[in-house]
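Hi,

Here is the structure I promised to pass on. Have a look at it first, and my notes follow below.

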Amino acid sequence: MENKDKQRILDLMSNTARELGVSADWYDTQHAQGLSELCRYAQKTVCDFIEVVGEECNTPDEIDVMLDELKYEYFNRYKYLQSEHFEHLAELALSAYMSLGDITMLIELNK
């Protein structure tokens, strides 16, 4: 059962990454480079997380723990960059944090 649950979570994350890519492409067509960049950074974050989950996590609970740890790390990175006045980098960190939050919500809704 846990492999099935893990695969369902990986599928949700893959769909999120794909949707972020579609949004980035659309922003490109609208010449909204900054928004496109935020989507692409969030997409890369999700894809990197999928890779780590595939290698290191065996159960949905392990995925939840790792997701919480990564969200905490990105939120702290956001706060630090903001306090140091690196606004653009802070926006990228916040984008990653929010995307991981979206994945958390999707996982909870699909339990």
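Of the contacts in the protein with a separation of 6 or more, 63% are between residues 24 or more positions apart; a contact here means heavy atoms within 4.5 Å. Please keep in mind that this is a predicted model, where local features need pLDDT of at least 70, side-chain atom pairs count only at pLDDT 80 or more, and totals for chains, interfaces and linings use all residues. Residues are numbered from 1 along each chain as its sequence is written, and side-chain values use heavy atoms, with hydrogens and water left out.

The fold comes to four helices and zero strands, where helices (H or I, at least four residues) and strands (E, at least two) are DSSP runs numbered from the N terminus. The radius of gyration, taken over C-alpha atoms, is 15 Å, close to the 13 Å that the globule rule (2.2 Å times the number of residues to the power 0.38) gives for 111 residues, so the protein is as compact as a globular protein of that length. Its C-alpha atoms fill a box of roughly 45 × 35 × 25 Å along the principal axes.

As for burial, 38% of the 111 residues count as buried, meaning under 20% relative accessible area with a 1.4 Å probe, protein chains only.

Which helices each supply at least two residues of the lining of the largest pocket? They are H1 (2–29), H2 (33–56) and H4 (87–109). That lining divides into seven nonpolar, three polar and one charged, counting Ala, Val, Leu, Ile, Met, Phe, Trp, Tyr, Cys and Pro as nonpolar, Asp, Glu, Lys and Arg as charged, and the others, Gly among them, as polar. A pocket is an open set of points on a 1 Å grid over the protein atoms alone, where a 1.4 Å probe fits, with protein on both sides within 12 Å along at least five of seven lines; lining residues have an atom within 4 Å of a point.

Best wishes

Definitions and conventions: Buried means under 20% relative accessible area, exposed over 50%, partly exposed in between (1.4 Å probe, protein chains only).
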